[in-house]
Amino acid sequence: MQSILVFGASGQLGQCLAHVAKERNLSGLVFPPEAQANILNPEGLRALFAQHHPAYAINCAAYTAVDKAEDEVEIARRVNRDGAENLARLCAEFDAVLLQISTDFVFAGTGNQPLTETDPAEPLGVYGLTKLEGEQAVAAATDKYFTLRTSWLYSQYAGNFVKTMLKLGAEREELRIIWDQVGTPCYAIDLAGALLTIIESQSTAYGLYHYSNEGLTSWYDFATAIFELAGLPTRTVPIRTAEYPTKATRPAYSVMDKTKIKQTLGLTIPHWRASLAVCIKALG
Ligand SMILES: NC(=O)C1=CN([C@@H]2O[C@H](COP(=O)(O)OP(=O)(O)OC[C@H]3O[C@@H](n4cnc5c(N)ncnc54)[C@H](OP(=O)(O)O)[C@@H]3O)[C@@H](O)[C@H]2O)C=CC1
Ligand SMILES: Cc1cn([C@H]2C[C@H](O)[C@@H](COP(=O)(O)OP(=O)(O)O[C@H]3O[C@@H](C)C(=O)[C@@H](O)[C@H]3O)O2)c(=O)[nH]c1=O
C-alpha cells in the first residue's frame, strides 16, 4: 500500500484514524510527530512529502477552540486556512490526494431543512469562517481533494462534548443544556472509517461532501442520551441558547444532508444513537 500522511495525528480524529487502521490491519499510514508535521511550515512539509511520496494526505490538524477563536483570529486563520492551503499545494506538486475536514459551523443555521453541499455557507464565527476559507483555499490549490464537512465530533479520544458530559455528570446532580441548537453528532471512529474507505476505494469523485451520523438531535437530547447509556443519574434541564452565553455564536440548525456521499461513494452510515452506544461502551 502506498503511504498516507496524517497531519494532526495527536488530535481526536488523528487518534481515531490510528485506531481504525489498526483494526483493519492497514499498513501505510504515517503519523509524523507535530514537530516534523507542523502544517504552518511548508519547508518541513516538503521534506516529509519528498521522503514519503504519499498517495494521500489526511488533514486532521485544525484550530478547534470555537470560543477562543473569536479572540485569536490570526492563529485560527493561519492553521485553518493557511495550513490547509500549504498541504493542498504540496499535494498538487507531489500528485497526492488531499482529504480535508471541515465543519457544519460554516453554516449560519437559520433554516430548518437538512443542508446540502450547494447551500450557501455563511459562518457566524471566526472558527467557521476560517474553516470555510480553508475549504476554499484547498479547492483553489488542487483538483484532487475530498473535503468532508462533519459535525459535533466525539469519541473516546481527546476532548469532546461526550467526555465533558461524563465528567460534569459525575460531579453534579443536574446539568443545564441547550435544546434550541439542533444538529447531528458524529462518532469520529465512523468518520475515520469513512476516510479510509474512500482511500481504499481509490475513488476519483473528488469534491465537497457532508458526513456525520444519521438522524438529528439537540445538545440537550444528546446529553440526555449520554447519561442514559452511561447509566448516570444526572438530570438534564433544557435551556435556550440565550441562557448559556458564549463568546461565539453557534448555528441553531446545522443538520447536514448526506445523500451525496452515500450515493457517490457508497458509504453506509450508522444512526447517531447506535454509534454513541459504541463509544460509551469503549469508554467503559
Ligand atoms: N471537534 C469537533 O467537534 C469537530 C471537528 N471538526 C473538524 O474535524 C477535524 C478534526 O477535529 P478534532 O480531531 O476533533 O480536533 P482536535 O482539536 O482534537 O485536533 C486537532 C489537532 O491539530 C493539531 N494542530 C494544531 N495546529 C497544528 C499545526 N500548525 N500543525 C499540525 N498540527 C496542528 C492539534 O495539536 P495541538 O493540540 O498540539 O494544538 C491537534 O492535535 C478538524 O478539521 C475540525 O475542524 C468538524 C466538526 C466538529
Ligand atoms: C458544557 C455545556 C455546553 N453546552 C452547550 C454549549 C454549546 O452550544 C454546545 C456544545 O458545546 P461545546 O463547547 O462542547 O461544543 P462546540 O465547541 O460548540 O462544538 C463544536 O466544535 C467545533 C470544533 C465544530 O466543528 C462543531 O461541529 C461543534 O462540534 O453545548 C450547554 O448547553 N451546557 C453545558 O453544560
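The conversation below goes through the sheet, the helices and the ligand shells.

Student: What kind of model is this, and how are things numbered?

Tutor: This is a predicted model, where local features need pLDDT of at least 70, side-chain atom pairs count only at pLDDT 80 or more, and totals for chains, interfaces and linings use all residues. Residues are numbered from 1 along each chain as its sequence is written, while chains are lettered from A and ligands numbered from 1 in the order in which they are written.

Student: How do I read a sheet?

Tutor: Strands of a sheet pair through backbone hydrogen bonds, in either a parallel or an antiparallel way. Here, helices (H or I, at least four residues) and strands (E, at least two) are DSSP runs, numbered from the N terminus, and two strands pair if DSSP finds at least two bridges between them. In this model six strands make an open sheet, ordered 2-1-3-4-5-10, with parallel pairing.

Student: Which strands stand at the edges?

Tutor: Strand 2 (29–30) and strand 10 (207–210) do. Each has a single partner strand, so one side of each is left without a neighbour in the sheet. For a pair to look at, take strand 1 (residues 4–7) and strand 3 (residues 56–59), which are joined in the parallel sense over four bridges. Phe-7 has Asn-59 of strand 3 as its bridge partner.

Student: Which helices lie across the sheet strands?

Tutor: Helix 3 lies across strand 1, strand 3, strand 4 and strand 5 (145–150). Helix 4 (residues 126–141) lies across strand 4, strand 5 and strand 10. Helix 3 runs at about 160° to strand 4, and for helix 4 the angle to strand 4 is also about 160°. Axes are lines fitted to C-alpha atoms, for helices over the stretch in contact, and angles run from 0 to 180 degrees between N-to-C directions.

Student: And how do I read two helices packed together?

Tutor: Two packed helices are described by the angle between their axes and the distance between the axes. Helix 5 and helix 7 (residues 219–230) pack at about 65°, with axes 10 Å apart. On the helix 5 side the contact (C-beta atoms, placed from the backbone, within 7 Å) uses Val-162, Met-165, Leu-166 and Gly-169, and helix 7 brings Ala-223, Ile-226, Phe-227 and Ala-230. By class, that contact has seven nonpolar, one polar and no charged residues. Ala, Val, Leu, Ile, Met, Phe, Trp, Tyr, Cys and Pro count as nonpolar, Asp, Glu, Lys and Arg as charged, and the others, Gly among them, as polar.

Student: At what angle do helix 2 and helix 3 pack?

Tutor: Helix 2 (residues 42–52) and helix 3 pack at about 35°, with their axes 10 Å apart. Pro-42, Leu-45, Arg-46 and Phe-49 of helix 2 meet Asn-86, Leu-87, Leu-90 and Phe-94 of helix 3.

Student: Now the ligands. Which residues come nearest to ligand 1?

Tutor: A residue is near a molecule if its C-beta atom, placed from the backbone, lies within 6 Å of it. Ligand 1 has 27 residues around it, and Gly-8, Gly-11, Gln-12, Ala-61 and Ala-62 come nearest. Helix 1 gives the most to this shell, with three residues. The shell has 13 nonpolar, 12 polar and two charged residues.

Student: What about ligand 2?

Tutor: Ligand 2 has 18 residues around it, with Thr-64, Val-66, Thr-103, Ile-178 and Trp-219 nearest. Strand 7 gives the most, with four residues. By class there are 10 nonpolar, five polar and three charged residues.

Methods. Contact = placed C-beta atoms within 7 Å.
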